[in-house]
Amino acid sequence: MGTKHWIAGVALATIAGLGAYVYWGTATQKAPQSSFVLLDGSTRTTADMQGKVTLVNFWATSCTTCVAEMPEIVSTYNKYKDRGYDTLAVAMSYDPPSYVVNFAQSRQLPFAVALDNTGAAAKAWGDIRITPTTYIVNQRGEIVKTYVGAPDFAELHKLIEKLLAEA
């Protein structure tokens with residue numbers, strides 16, 4: 001009986017650790033190599049993020065949390081854009097392109113918005129199924145933080161400040 005409990009405990013600890021990593025995203029890993037088709041038809045790749053702190057937000061127009069957090073994402077972008085910070089909003093494959101275009105235009109989103117029509121970007125970035133899912137990528141192209149759900153924007157701003165201060 002003791003061995004079964006020990007094995008169950010180890011398994012539970014492993015799952016909890018993995019869950020904590022996914023939820024808090026404290027370990028760094030290279031951002032996956034992927035390309036994004038922007039609303040204007042141009043393409044941006046992960047390599048284009050090098051040298052900037054970048055927020056990559058996977059979202060959908062049908063996601064109430066995504067829509068609610070967008071003004072904060074815009075505000076954050078405007079606050080840090082002149083200091084080497086960028087934002088890329090990636091619309092999920094199930095989001096109708098006309099809805100995404102309308103949303104981006106009506107809210108005058110000041111940053112790049114991509115359509116992930118095939119779902120390839122969401123798959124490359126961890127098979128994302130929950131929106132919003134947001135990644136913070138440092139200047140070296142490493143994911144330093146992952147948020148599932150809306151971020152704590154005060155905490156996010158502290159992290160951005162710290163990452164922008166790194167040379």
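How many aromatic pairs does the count come to? I counted 7 aromatic pairs. The rule takes rings of Phe, Tyr and Trp (its six-membered ring) with centres within 6.5 Å; planes under 30 degrees apart are stacked, over 60 edge-to-face, and the rest tilted.

I looked up Phe58 and Trp125 next. Their ring centres lie 6.1 Å apart and their planes stand at 55°, so I noted the pair as tilted. The pair links distant parts of the chain, 67 residues apart. Phe58 sits in strand β4, and Trp125 in the loop between α4 (120-124) and β7 (133-137). I found both Phe58 and Trp125 buried. Buried means under 20% relative accessible area, exposed over 50%, and partly exposed in between (1.4 Å probe, protein chains only).

Then I took Tyr77 and Phe111. This aromatic pair is edge-to-face, with 5.6 Å from centre to centre and 75° between the planes. Tyr77 lies in helix α2 and Phe111 in the loop between α3 and β6, so the pair ties together parts 34 residues apart in sequence. Both Tyr77 and Phe111 are buried.

I also noted one aromatic cluster, formed by Phe36, Phe58, Trp125 and Tyr135.

A note on the basis. I am reading a predicted model, where local features need pLDDT of at least 70 and side-chain atom pairs count only at pLDDT 80 or more, while totals for chains, interfaces and linings use all residues. Residues are numbered from 1 along each chain as its sequence is written, and side-chain values use heavy atoms, with hydrogens and water left out. Helices (H or I, at least four residues) and strands (E, at least two) are DSSP runs, numbered from the N terminus.

Next entry: helix α3. Which residues of α3 (residues 97-106) are buried? I listed Val100, Phe103 and Ala104. They cover an arc of only 95° around the axis, which puts them on the same side of α3. The arc is that of the directions from the helix axis to the C-beta atoms. The cover over these buried residues includes β4 (53-59), α2 (64-80), β5 (85-91) and β6 (112-115). After α3 comes Gln108, with a positive phi near 50°.

Last entry: Thr133. I placed Thr133 in strand β7. Is Thr133 buried or exposed? Thr133 is buried, at a relative accessible area of 5%. Its side chain reaches the backbone oxygen of Ile130 at 2.5 Å. Leaving aside neighbours within four places in sequence, I found Thr133 in contact (heavy atoms within 4.5 Å) with Val56, Asn57, Phe58, Ile128, Thr146, Tyr147 and Val148.

Terms used
A polar contact is a pair of N or O atoms within 3.5 Å; within protein, one must be able to donate a hydrogen and the other to accept it, and residues adjacent in sequence count only if both atoms are side-chain atoms.
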